[in-house]
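Please keep the structure in view while reading.

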Amino acid sequence: MSSVVKDLHSNGVDAKKSESPVVVSDPTLSNGHAHSANGTNSKPFKIFVGYDPREDVAYEVCRYSLLKRSSIPLEITPIKQSELRQQGLYWRERGKLESTEFSFSRFLTPYLANYEGWAMFVDCDFLYLGDIKELRDMVDDKYALMCVQHDYTPKETTKMDGAVQTVYPRKNWSSMVLYNCGHPKNRALTPEVVNSESGAFLHRFMWLEDEEIGEVPFVWNFLVGHNKVVEGDPATFPKAIHYTLGGPWFDAWKDCEFGDLWLKELEECKKAKEKVG
């Protein structure tokens, strides 16, 4: 185990588990006591996770890691393209540069949340090491959405299992987004718009003004191979690791940075599933 990984554990990044991690059929509720940022009781925090059949195990581990460390109830729903097509909510053809099935369907999050309250979208290739309550409590109603505002230009030409790596402004901003679903501007994200607008319009949040986009610390979307941990500086320790180039569930990325943490979480996830069924 590297000294950095040891630091992550010794400084409490691997936060205490909820009393009973739950791994059941979706949508999933965790244990915990719900309360909103202003301290009043609220419904479970809605989280929509991008799902791709090639990365089913990544989705399962992402979900498990969220539930394991959450101190508030969560409602976790995978965004599955096949189901959206059956429901008549998604009909656009897949483009050659779409590396996952949720490249565009992710922007249905406010619609799927009934344009109410705050909800989060996250790619499935995340491993959560922090309590999602910390992130949820950062929401600010003056923003239409909040995210990590990366300045990221990948050097690689391919990612994951050979998918083409694309470069564009605000790269990776849309991979983890807190949506203020009730914000009037997010009413623009109808199924018709999500199915017809360009990648530039959607991934660059072009339905919003810059001042309507809030920022959260980079540790909540810590890009493997880009962001760096500074030993001895807890402010740089990841709360959510994003295996954006590819994770250990792909053979080519078995030995990637922080891959050992993901593999450990996978084993725990498997054991938890065995216990419940």
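## A sheet of three strands

In this predicted model, an open sheet is formed by 3 strands in the order β5-β12-β11, with mixed pairing. Strands here are DSSP runs of E with at least two residues, helices are runs of H or I with at least four residues, and both are numbered from the N terminus; two strands pair if DSSP finds at least two bridges between them. The edges of the sheet are taken by β5 (126–128) and β11 (222–223), each of which has a single partner strand, so one side of each is left without a neighbour in the sheet. β11 and β12 run parallel and are joined by 2 bridges, and F222 has I241 in β12 as its bridge partner.

The model is read with some caution: residues are numbered from 1 along each chain as its sequence is written, and local features need pLDDT of at least 70, while side-chain atom pairs count only at pLDDT 80 or more and totals for chains, interfaces and linings use all residues. Side-chain values rest on heavy atoms, with hydrogens and water left out.

## H242 in strand β12

Strand β12 (residues 240–242) includes H242. Is H242 buried or exposed? With a relative accessibility of 1%, H242 counts as buried, where buried means under 20% relative accessible area, exposed means over 50%, and partly exposed lies in between (1.4 Å probe, protein chains only).

The side chain of H242 makes a polar contact with the side chain of N221 at 2.9 Å; such a contact is a pair of N or O atoms within 3.5 Å, where within protein one must be able to donate a hydrogen and the other to accept it, and residues adjacent in sequence count only if both atoms are side-chain atoms. When neighbours within four places in sequence are left aside, the residues in contact with H242 (heavy atoms within 4.5 Å) include D123, D125, N172, S175 and F222.

Strand β4 (residues 118–122) is largely enclosed by the rest of the structure, because 5 of its 5 residues are buried. In a regular strand the side chains alternate between the two faces of the sheet. In β4 both faces are covered, with W118, M120 and V122 buried on one side and A119 and F121 buried on the other.

Strand β2 (residues 45–50) pairs with β4 in the parallel sense over 4 bridges, and I47 stands opposite M120 in that pairing. β4 also pairs with strand β9 (residues 176–180), in the antiparallel sense and over 5 bridges, with V122 standing opposite M176.

Helix α2 (residues 56–69) has 14 residues and reaches 21 Å from its first C-alpha to its last, close to the 20 Å expected at 1.5 Å a residue; the expected span is 1.5 Å times one less than the number of residues. Helix α2 is mostly covered, with 12 of its 14 residues buried, among them Y59, E60, R63 and K68.

Helix α8 (residues 259–276) has 18 residues, which should span 26 Å at 1.5 Å a residue, and its end C-alpha atoms are 26 Å apart, in agreement with that figure. The buried residues of α8 include W262, L266 and C269.

## Cysteines

A disulfide is a covalent bond between the sulfur atoms of two cysteines. Taking a disulfide as a pair of cysteine sulfur atoms within 2.5 Å, the count comes to 0. C62 is in no disulfide, and the nearest cysteine sulfur, that of C124, is 7.2 Å away. C62 counts as buried at 0% relative accessibility, and C181 is buried with a relative accessible area of 0%.

## Two loop residues with positive phi

Most residues other than glycine have a negative phi, and most peptide bonds are trans. N114, in the loop between α4 (109–112) and β4, has a positive phi near 60° and is partly exposed, with a relative accessible area of 48%. F258, in the loop between β12 and α8, has a positive phi of about 65° although it is not a glycine, and F258 counts as buried at 4% relative accessibility.

## The chain as a whole

The secondary structure of the protein chain comes to 8 helices and 12 strands, and buried residues make up 54% of its 277 residues. Among contacts with a separation of 6 or more, 74% are between residues 24 or more positions apart.
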